[in-house]
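Please look over the model below.

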Amino acid sequence: MRKSHGWLTVISLDFLDETPREVDEFPGLWSVEGDLVRVEFSEDDGVTLDGKSAAGEHEFPADSDPMPQFTLGSKVPEIALRGGRVLVRVRDDNALFRKAFTGTPTYDYQPQWVVPVTFRPYDAPRTRDIFTAQEGFTRKMNFIGEVDIPFEDRTRTLVVTQAPEPFVIFEDLTSGKESALWRRAPLRETEDGFVVDFNYSHNFPAHYLPFGTCPRPVGENIIDVAIPAGQKKPNETYQSVNS
């Protein structure tokens with residue numbers, strides 16, 4: 001997360017529409033029409049592209065790979081397609097949060113949280129609309145199967161997604177208290193079968209700063225069990241550093 005233009009450097013998030021307008025933290029007039037992104041810079045904006053002035057109008061597909069690498073000093077705009085909408089996230093290597101961040105504490109490793117499970121893959125991925133970290137913004141996610149996870153009181157069934165490795169997105173009784181609001185834990189295949197290793201439960205970028213479009217857990221993955229394993233809340237967040 002600390003790398004150049006990594007998650008700790010994100011300082012803004014804007015969704016584009018057909019009306020040309022400014023976005024936070026980066027010059028230009030931005031818009032999207034169909035699957036084409038348009039942006040216009042003036043000479044005074046000082047934006048460069050491939051080391052040369054980017055003054056003028058630019059048009060490119062919303063799913064371009066690679067995207068044009070516009071630059072303004074230490075800032076770059078990330079242009080991405082999420083949930084059928086185009087967003088611009090500005091990343092700044094001089095972001096205060098990147099400089100102030102000290103890390104994410106974890107629970108001690110506990111072998112009992114490497115839990116043997118029964119994995120039942122679907123015949124084909126099942127697509128569902130899910131909520132995200134952004135209020136009112138939904139996106140589609142593919143689920144590849146279900147796992148039966150035995151806990152002390154009873155077994156609970158959670159759904160599994162894959163990006164690219166399989167994992168479960170879950171909320172438990174530590175969420176929002178010792179740990180982040182939700183986390184993800186890997187599903188792994190061993191010689192003896194499948195396990196969910198909660199010791200490697202990780203936070204999402206949205207738990208560090210308010211600019212992520214990270215998926216929330218679906219209803220069946222919100223469980224009334226405390227899982228004191230994996231990552232806890234980060235020591236700092238964008239909000240705590242910039243308040």
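## Salt bridges

The side chains of R98 and D93 meet in a salt bridge, with N and O 3.5 Å apart. This is a predicted model. R98 is partly exposed, at a relative accessible area of 22%. D93 counts as buried, because its relative accessibility is 19% and the cut-off for buried is under 20%.

A search for such contacts gives 16 salt bridges in the structure. Another one of them pairs D14 with R21. Their closest N and O atoms are 3.6 Å apart. Here D14 is buried, with a relative accessible area of 10%. R21 counts as partly exposed, at 27% relative accessibility.

## A link across the chain

D224 forms a salt bridge with R154. The closest N and O atoms of this pair are 3.9 Å apart. The pair links distant parts of the chain, 70 residues apart. D224 sits in the loop between β16 (193-197) and α2 (238-242). R154 sits in the loop between β12 and β13.

How exposed are the two partners? D224 counts as partly exposed, at 47% relative accessibility. R154 is partly exposed too, with a relative accessible area of 45%. The pair also belongs to a network: salt bridges that share partners join D153, R154, R156 and D224.

Strand β9 covers residues 75-82 and strand β10 covers residues 85-92. The two strands run antiparallel, joined by 8 bridges. Within this pairing, V76 stands opposite R91 in β10. Together β9 and β10 form a hairpin, with 2 residues between them. G83 lies in the turn and has a positive phi of about 60 degrees.

Is β9 mostly covered or mostly open? It is mostly covered. Of its 8 residues, 6 are buried. In a regular strand, side chains alternate between the two faces of the sheet.

## The four-stranded sheet

An open sheet is formed by 4 strands, in the order β2-β3-β4-β7. The pairing is antiparallel. Which strands form the edges? They are β2 (21-23) and β7 (56-61), and each pairs on one side only. On average, neighbouring strands of this sheet are turned by 35 degrees against each other, direction ignored.

Inside the sheet, β3 (residues 26-33) and β4 (residues 36-41) pair over 5 bridges in the antiparallel sense. S31 has R38 in β4 as its bridge partner.

Rolling a probe the size of a water molecule over the atoms shows where empty space is left. How many cavities of 30 Å³ or more does a search of the whole structure find? The search finds 1. The largest cavity has a volume of about 50 Å³.

Its lining is made up of 13 residues. Those nearest the centre of the cavity are M141, F143, I169, V218 and N221. By class, the lining has 10 nonpolar, 2 polar and 1 charged residues.

Technical notes: Residues numbered from 1 in each chain as written. Predicted model: local features only at pLDDT ≥ 70, side-chain atom pairs only at ≥ 80, totals over all residues. Heavy atoms only, no water. Buried < 20%, exposed > 50% of the residue type's maximum accessible area, 1.4 Å probe, protein only. Pairing = 2+ DSSP bridges. Axes fitted to C-alpha atoms, helices over the stretch in contact; angles between N-to-C directions. 1 Å grid on protein atoms, 1.4 Å probe; cavity = no way out; pocket = protein on both sides within 12 Å on 5 of 7 lines; lining within 4 Å. Points joined across faces, edges and corners; volume = space filled by probe spheres on them. Nonpolar A, V, L, I, M, F, W, Y, C, P; charged D, E, K, R; others polar. Salt bridge = Lys/Arg side-chain N within 4 Å of Asp/Glu carboxyl O.
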